[in-house]
Amino acid sequence: MNRFWFLFKSTAVRLSALYILLFAICAATLVFYVTAMSERLLTNQIREAVQQEVDQVQRAYDAGGMNLLLRTMERRARQPGANLYIIAGPSGDILAGNVASVQPGVLDEEGWTSLPFTYQRYAESGISRRHMAVANIFVLDNGLRLLIGRDLGEPEAFRGLVRQALMIALAIMGLGAIIIWFGIGRNALKRIDRMSDASKKIMAGDLSQRLPVGGSGDEFDRLSVSLNTMLGRIEKLNEGLRQVSDNIAHDLKTPLTRLRNKAADALDTKDGEVRRVALEGIISESDQLIRTFNALLMISRVEAGSVAAEMSAVDLSAIVADSTELYEPVADEAGLVLTSSIQPDIEVQGNRELIGQAIFNLIDNAIKYSSDAEGHGDIALKLLRRADGICLSVADHGSGIPAEKREDVLKRFVRLDESRSKPGTGLGLSLVEAVMELHGGKLELSDTDPQNQEKRGLTVSMIFPVNSSPRTR
């Protein structure tokens, strides 16, 4: 019983029950309406048939008098399915006819009976079974009363048949509705139980759990898919938070230790020049820490979607051109050549500041790691439309990144061993990946020159979707 009431709390079940009730009411109303109209039609046809009979009997009386009238009525009364015929005296006593008795008072008024009346046939004498009929009563010249009527058994049988069919149909419909209701309800309860079990595990801390998806595409599946997507996002954010915590504990410990040592040196020394150098080192280390935390804050903002509302149409061609112009002197100072190949009038829907920051990070990494042993190299920026989207790539000819380590370098604070000697936080590519995820795109890493094992280089491609629509949060 408790499961039944729990099932009835479901909105879908309540709506189904309401629809069944409304359908039953409409069906019953329609059936009763059709029955009444059909009964009225049959009654009108009966009245017309009786009126024609009255006219024929009246003509027989006018033509042959009482003798012809009696012979006509006797002949018609013996026919199968004959009408009702009664000849009564002025006082209402039945003198002749095929009816044993009629309801009292029927023969007192002339014309059509206002309501159906009861009568009894000769063969049913002594039986209490009642029959209903309508009749037309008229008075002859000699004062005799003539009743010609028709039994209403056919309309009553029709009405009973229709009502019986209605009851059977409603019973079948109700039984089928209960069976379907019970089946759907049990299935819904089982799915809710499975979702509840998964939810309990998730609330217990197991974010790897997912709500079951049946594959039917109904509202339960759509809800499960949406919640699973949200859980995946939460799991990723928690994993990122855990990684950040671990990386901060490891990677920021060293600069903080250096910062403390420099502060201790500045405090212990009395030499002004040494103190100045120590303080400059403290400022430099502090600036590096500030840049690290600013990058972490930016990544967190991007991944949390707090800048999603700032999306607008952005001229990507112009941003790439401006970035190339801005970094050309920096590349030239590093002994590098920065070139660009830009298709004009390429627009995307996005955040100009974040896209610009991502491009700056890629160019800065390329300048930092692409110089060859002689201090010469080149960096190429390309922007073009492809079948899979809009591709913005930054290619260098440095040592590159092995394929097995490319997923690792996208994580926060991860730096390859050979790059530890260069300044940086290990957050540049993490920020770029977060920006592309926000814009509904993806980040691809590949070799610039796969044939050159020593200087394979690295090409980082930002692939924006064709529709350029940002990810909805």
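## Overall make-up

The predicted model contains 10 helices and 14 strands. Of the 473 residues in the protein, 36% are buried.

Contacts can also be sorted by how far apart the partners lie in sequence. Among the contacts with a separation of 6 or more, 63% are between residues 24 or more positions apart.

## Helix H8

Helix H8 covers residues 352-369.

The N-terminal end of H8 is capped by Asn351, which places a side-chain oxygen 3.0 Å from the backbone nitrogen of Glu353. The buried residues of H8 are Leu354, Ile355, Gly356, Ala358, Ile359, Asn361, Leu362, Ile363, Ala366 and Ile367.

## Packing of H8 against H10

Two packed helices are described by the angle between their axes and the distance between those axes. For H8 and H10 (residues 428-438), the angle is about 145° and the axes are 9 Å apart. The crossing of these two helices is left-handed.

On the H8 side, the residues that meet H10 are Leu354, Ile355, Gln357, Ala358, Asn361, Leu362 and Asn365. Their partners in H10 are Gly428, Leu429, Leu431, Val432, Val435 and Leu438. By class, this contact has 9 nonpolar and 4 polar residues, with no charged residues. Several residues of H8 that meet H10 are also buried, including Leu354, Ile355, Ala358, Asn361 and Leu362.

Helix H2 spans residues 11-77 and includes Ile46. Ile46 counts as buried because its relative accessibility is 11%, and the cut-off for buried is under 20%. Apart from residues up to four places away in sequence, Ile46 touches Val134, Arg150, Asp151, Leu152 and Pro155. Ile46 and Asn83 are 37 residues apart in sequence, while their C-alpha atoms are 10.0 Å apart in space.

Arg76 also belongs to helix H2. With a relative accessibility of 19%, Arg76 counts as buried. When neighbours within four places in sequence are left aside, Arg76 is in contact with Glu53, Gln56, Ala82 and Tyr85. With one of these residues, Gln56, the side chain of Arg76 forms a polar contact of 2.5 Å.

Methods: Residues numbered from 1 in each chain as written. Predicted model: local features only at pLDDT ≥ 70, side-chain atom pairs only at ≥ 80, totals over all residues. Heavy atoms only, no water. Axes fitted to C-alpha atoms, helices over the stretch in contact; angles between N-to-C directions. Helix = DSSP H or I, 4+ residues; strand = E, 2+ residues; numbered from the N terminus. Left-handed = near helix turned anticlockwise from the far one by under 90°. Contact = heavy atoms within 4.5 Å. Nonpolar A, V, L, I, M, F, W, Y, C, P; charged D, E, K, R; others polar. Buried < 20%, exposed > 50% of the residue type's maximum accessible area, 1.4 Å probe, protein only. Polar contact = N/O pair within 3.5 Å; in protein donor to acceptor, adjacent residues only side chain to side chain.
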